[in-house]
Amino acid sequence: MKQIDWSNLSFGYYPTDYNVRCYFRDGKWGELEVSSEKTLNIHMAATCLHYGQEAFEGMKAFRGKDGRVRLFRAVENARRMNRSCEGIMMAPIPEELFLEAIDLVVKKNIDYVPPYESGASLYIRPIVIGLGEQVGVKPATDYLFLVFVTPVGPYFKEGFKPTPMAIMRGYDRAAPLGTGTIKVGGNYAASLKSGVIAHNKGYSAVIYLDAKEKKYIDECGPANFFGIKGNSYITPESTSILPSITNMSLIQIAQDLGMTVERRHVPVEELAEFEEAGACGTAAVISPIARIDDLDNGKEYVYSRDGQAGPKSTLLYNTLRGIQYGDIEDKHGWITFIE
């Protein structure tokens, strides 16, 4: 492994040796290419620059106690990326090609996979962008599929510690029947302004309400929301939010642990009934919520008074992390190995 201060890595970009690229031209995908170049040379009229033809995924590779390197639910990332491509009229990537690219890029950068119990992991970022010389608003004919990796530390500097979040009704990240259910850059651009305002006020993320009625919880910034009430795991049902692979996994784990799962509309008022709450996604797995402040009406919903995550959030987090690192049995076939 590389000589890196693994325990002090931030969730940012740290250069690695190689990335993997593949071009779609003349109606078909070409061969995978390994590159050490960190930049892209694209035409100034490319559709990714003008009309948002760009999609991406977020994945991680983990080194277990046994030294083996694991991927978590990579097939689900391949399928979600194809849903994103189809949603903005880009050429879908064959599942086998996607998985081959992930395997190759991790193997080429295997020395950057952090050691077990370092608190770090190897983040994997597949992207697809529209290329070609075009000014009219229509899909490109050529595309680039690229995968790069970088070792990362915790998404939130606090790690698995509760942080405050805020409801902000003046901003929406995505609208019903729009692009919120797919992973495209425009959704994240829409969250930047409110995110900066929230950070400046001391909050880690924004709680977005449904764009139509402002009655229901949609999501936490770029992550899915969940609440714990008794023995129930409750998470929003919405046509505006990304289906989180982490949330999908937590739902299964909650059921394995004997919890009841409810996927439904979550009224804002129900926040007062939750004993625990959190945001979940690839980057942080679970980010426990200390409290939610409703800035428009002065209400405060508190979930942690001692600075610690609740017992069920902690159990869910430790179980999922245990599966990812090989410490807990993978009963559902979620893990694949980089051999």
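This is a predicted model: local features need pLDDT of at least 70, side-chain atom pairs count only at pLDDT 80 or more; totals for chains, interfaces and linings use all residues.
Me: Why are helix 2 and helix 3 called oblique to each other?
Reply: The axes of helix 2 (residues 74-87) and helix 3 (residues 95-108) cross at roughly 125°, and since angles from 65 to 115 count as roughly perpendicular and those over 145 as roughly antiparallel, the two helices are therefore oblique to each other. Their axes come within 9 Å, and helix 2 passes helix 3 in a right-handed crossing.

Me: Why are helix 5 and helix 6 called roughly perpendicular?
Reply: The axes of helix 5 and helix 6 cross at roughly 110°, and since the range for roughly perpendicular runs from 65 to 115 degrees, the pair is therefore given that name. The distance belongs to the description as well, because two packed helices are described by the angle between their axes and the distance between the axes; here the axes come within 10 Å.

Me: What makes the contact of helix 5 with helix 6, and how many charged residues does it hold?
Reply: On helix 5 (245-256) the contact is made by T246, S249, L250, I253 and A254, and on helix 6 (311-325) by L316, T319, L320 and I323. The division by class is six nonpolar, three polar and no charged.

Me: What lines the largest cavity?
Reply: Its lining consists of 13 residues, and those nearest the centre are K60, F72, T246, T282 and Q324. Strand 5 (59-63), helix 5 and helix 6 are the elements that give two or more residues to this lining, with strand 5 giving the most, three residues. Counted by class, the lining has six nonpolar, six polar and one charged residues.

Me: Which elements supply at least two residues of the lining of the second largest cavity, and which residues line it?
Reply: Strand 15 (276-281) and strand 16 (285-294) each supply at least two. The lining is made up of P162, E275, E276, A277, P288, I289, Y303, S304, Q308, A309, G310 and S313, which divide into six nonpolar, four polar and two charged.

Me: What is the volume of the largest pocket, and which residues are closest to its centre?
Reply: The largest pocket has a volume of about 950 Å³, and of the 41 residues that line it, the closest to its centre are Y155, Y188, P222, A223 and A283.

Me: Which element gives the largest share of the lining of that largest pocket, and how do the lining residues fall by class?
Reply: The largest share comes from helix 4, with six residues. Among the elements that give two or more residues are also strand 7 (121-131), strand 8 (142-152) and strand 15. The lining has 23 nonpolar, 13 polar and five charged residues.

Key
Residues are numbered from 1 along each chain as its sequence is written. Side-chain values use heavy atoms; hydrogens and water are left out. Axes are lines fitted to C-alpha atoms, for helices over the stretch in contact, and angles run from 0 to 180 degrees between N-to-C directions. Helices (H or I, at least four residues) and strands (E, at least two) are DSSP runs, numbered from the N terminus. Angles under 35 degrees count as roughly parallel, over 145 as roughly antiparallel, 65 to 115 as roughly perpendicular and the rest as oblique. A crossing is left-handed if the near helix is turned anticlockwise from the far one by less than a right angle, and right-handed if clockwise. On a 1 Å grid over the protein atoms alone, a cavity is a set of points where a 1.4 Å probe fits but cannot get out, and a pocket is an open set with protein on both sides within 12 Å along at least five of seven lines; lining residues have an atom within 4 Å of a point. Ala, Val, Leu, Ile, Met, Phe, Trp, Tyr, Cys and Pro count as nonpolar, Asp, Glu, Lys and Arg as charged, and the others, Gly among them, as polar. Contact means heavy atoms within 4.5 Å. Grid points are joined across faces, edges and corners, and a volume is the space filled by probe spheres set on the points.
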